[in-house]
Amino acid sequence: MTTDEIPPVSILLVDDHEENLVALRAILASPEYRLVSVTSGEEALSALLRDEFALVLLDVVMPKMSGFEVANHMKQLERTRRIPIVFLTAVATDIEQIYEAYSIGAVDYLIKPLDTRAVRAKVAVFVGLFRQRKEIERQARLLREADRRENELRLAEVRVASDKRYRKLIEGIDSSVGWSMVPETLELTFASRQLPRILGYTAEQLAERDFWFEKIHHPEDRALLVETVRRAVREGIDQTCSHRVIAADGHIVWFQTSMSVARDASGTPELHGISVDVTPIKHAEHVQHFLAEATAALTASLEYRETVATFARIAARELADLCIVDTLEDRTVTMLTAAGTGAEDEAIKRALERRVLLESAAPPAVALAARRGEALLQTEIGGPRWLGQALGAADPDALQCIGAISCMIVPLRARGRTVAVATLVSAGSGRRFGAVDLALAEELATRAALVVDNARLFEEARSASQARDELLAVVSHDLRNPLSSIALGAERLRSSPLDEGLAKVVDVIYRASKRMERLVGDLVDFEQMKLKRLRIEKRVQPAAPLALEAVELHEAIAKEKSVRLEADVSVVADVCCDRERMLQVFSNIIGNAIKFTPEGRSVTVLGRRVDGTVRFSVTDSGPGLPPDQLAHVFERFWQGTGGKPTGLGLGLAIAKGIIEAHGGTIGAESEPGKGCTFFFTLPVAERAVDDARRDGSAEHRLG
């Protein structure tokens with residue numbers, strides 16, 4: 001089939017935004033592709049059931065049915081389970097979502113905005129694999145059709161290797177080899193003309209005794225091939241196996257071989273077989289397996305330098321003889337790690353420890369790759385000084401000891417910036433890198449860059465969290481003692497005879513110190529909640545007196561602000577709770593209500609028994625909260641916009657934690673202009689005691 005006769009391959013584009021589909025169609029516009037665009041998961045599944053597609057480019061975040069749900073449906077259907085899926089997203093970039101995509105079976109996960117060349121290259125690879133598979137299926141159909149035309153005679157029943165019809169059939173299939181063999185000696189008596197072309201050996205070499213089996217078959221597969229031949233002769237049943245052959249230029253060729261035995265009139269067996277070149281498929285399987293294992297290894301740690309070192313080891317083991325990873329900051333290239341080196345290790349470290357990027361017309365290749373974000377492939381290194389100059393070494397001659405033959409310089413890019421640069425070098429193995437090697441190195445670098453970037457972000461977040469924890473520890477512990485001393489001194493002064501002006505000053509000091517003590521107490525509780533160490537000591541006690549005590553404690557504050565504090569807690573029930581913690585909850589909620597209630601209005605505290613619980617509520621007469629603010633009232637450090645902040649925004653968050661530790665619920669209701677109602681529930685004593693007995697203790701930890 002000529003190039004003009006090759007039908008276009010169908011590719012399904014799925015995105016709920018038409019502008020994204022237009023961009024994808026522009027990137028992939030080619031007469032080789034038939035691009036089918038849909039805007040929802042449902043349309044995608046319908047299209048997949050109607051047509052055959054080589055690849056699906058699938059948006060992750062879509063209404064009604066997400067990309068992950070579409071992928072799960074595809075994997076459950078025999079018709080669609082083997083179609084490669086490449087996820088596209090500009091939103092779902094969290095590492096857990098990326099792991100989920102690969103666990104579902106995605107072959108790739110691309111972050112928007114898309115790199116045009118990368119998208120085209122990746123699509124071309126999967127289209128090539130699809131066409132290879134279709135060609136193999138077509139060849140299989142040709143064989144079956146040939147068998148049918150020859151009255152369904154199996155190829156293994158051909159008794160004479162020189163049968164013209166047999167040879168004509170086999171030699172018409174480009175990637176398949178027909179052969180005949182003497183089972184006892186494993187000597188080829190016939191091989192179709194494709195075998196020399198595929199392997200690069202001459203027909204005369206292949207005809208030599210023992211050449212086919214002893215000289216070019218992979219040593220690890222010889223025993224398998226011998227056993228398969230013997231089983232075919234012994235059982236008289238067709239046999240199949242995969243095996244490797246070493247081509248004339250040293251590369252490995254994978255064959256999928258089917259064989260059967262025919263016997264002549266005297267009963268002498270002769271083996272006939274078909275060997276199909278499946279090297280591209282095996283290579284694709286190896287690449288996917290390698291990338292999956294590499295991704296798992298890279299994500300095993302969130303330590304930045306350990307992740308970089310893992311990448312270097314993987315690259316040196318699988319792709320090259322040496323991998324050097326650099327970072328570029330402040331016009332300086334610094335080597336983070338090097339893997340795969342031997343005796344030359346120290347020489348490399350000395351030569352590349354720190355390299356200054358000179359602002360010249362010809363900066364080092366490693367700097368160019370970092371600045372442009374583009375990889376460099378040097379199939380054949382020109383001269384012994386080339387590697388040292390490319391890496392910006394102060395003494396390029398110092399790297400001659402490596403004996404570099406070929407080189408790839410690949411930037412590790414994440415979120416549109418270069419986080420590091422990897423230099424992969426071929427030396428002792430004699431390997432010369434090509435476009436396929438570069439594509440694999442770039443794919444590995446893309447995955448490593450994402451993990452490295454996440455590792456750096458994790459370190460920054462951990463440092464910030466540690467700094468915040470240290471600050472909270474200082475504030476919550478080192479301030480408590482001096483504040484207590486100030487409050488105690490001010491209280492003593494208040495009880496002493498003072499003139500009116502000084503008494504006011506002392507009263508201000510006392511109130512400020514008590515307010516600071518409350519703030520510090522909130523910080524301590526917050527820290528204990530975060531560490532899951534806040535202890536709750538439950539005791540059975542009447543519910544009504546607990547609420548009334550809390551109301552009495554706030555009467556003076558309400559009176560000072562001219563706010564009426566009303567209570568209706570005529571509830572006859574016991575609760576099992578920590579008395580001091582519950583007073584703290586009431587204090588946080590009632591205090592907020594008084595603060596936001598205008599003068600002359602009221603705050604009402606209610607208590608009722610509802611379905612096995614005691615429900616307390618506190619309703620103010622303030623301005624209320626809009627729905628967008630009401631959703632955040634129990635979040636830590638959140639403060640509404642209705643007035644001047646007077647605290648840290650921890651009171652309601654702490655109240656929520658305490659109530660939930662008691663097995664209760666807490667919530668809020670509000671309408672703008674009609675005030676707010678905060679409510680919480682506690683289980684009645686019988687239920688709470690039963691729960692405590694099941695837990696084995698009356699003490700609970702908050703968390």
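**Figure 1. The exposed side of helix H1 in a predicted model.** Let's start with Glu19 and Ala26, which are both exposed on H1.

**Figure 2. The buried face of helix H1.** Here we turn to Leu21, Leu24, Ile27 and Leu28, the buried residues in H1, a helix that covers residues 18-28. Looking down the axis of H1, you will find these buried residues within an arc of 120°, so they line one face of the helix. A handy reminder: an α-helix has 3.6 residues a turn, so residues three or four places apart point the same way.

**Figure 3. How helices H2 and H3 pack together.** H2 spans residues 41-50 and H3 spans residues 67-76. Their axes lie 10 Å apart, and the packing angle is about 25°. With angles under 35 degrees counting as roughly parallel, H2 and H3 are therefore roughly parallel to each other. The crossing of H2 past H3 is right-handed.

**Figure 4. Residues at the contact of H2 with H3.** From H2 come Gly41, Ala44, Leu45 and Leu48, and they meet Val70, His73 and Met74 of H3. By type, the contact has five nonpolar residues, two polar ones and no charged ones.

**Figure 5. The wider setting of these close-ups.** The views are all taken from a protein chain with 24 helices and 25 strands. The chain has 703 residues, of which 45% count as buried. Among its contacts with a separation of 6 or more, 63% are between residues 24 or more positions apart.

How values were computed
Residues numbered from 1 in each chain as written. Predicted model: local features only at pLDDT ≥ 70, side-chain atom pairs only at ≥ 80, totals over all residues. Heavy atoms only, no water. Buried < 20%, exposed > 50% of the residue type's maximum accessible area, 1.4 Å probe, protein only. Helix = DSSP H or I, 4+ residues; strand = E, 2+ residues; numbered from the N terminus. Arc of directions from axis to C-beta. Axes fitted to C-alpha atoms, helices over the stretch in contact; angles between N-to-C directions. Parallel < 35°, antiparallel > 145°, perpendicular 65-115°, else oblique. Left-handed = near helix turned anticlockwise from the far one by under 90°. Contact = heavy atoms within 4.5 Å. Nonpolar A, V, L, I, M, F, W, Y, C, P; charged D, E, K, R; others polar.
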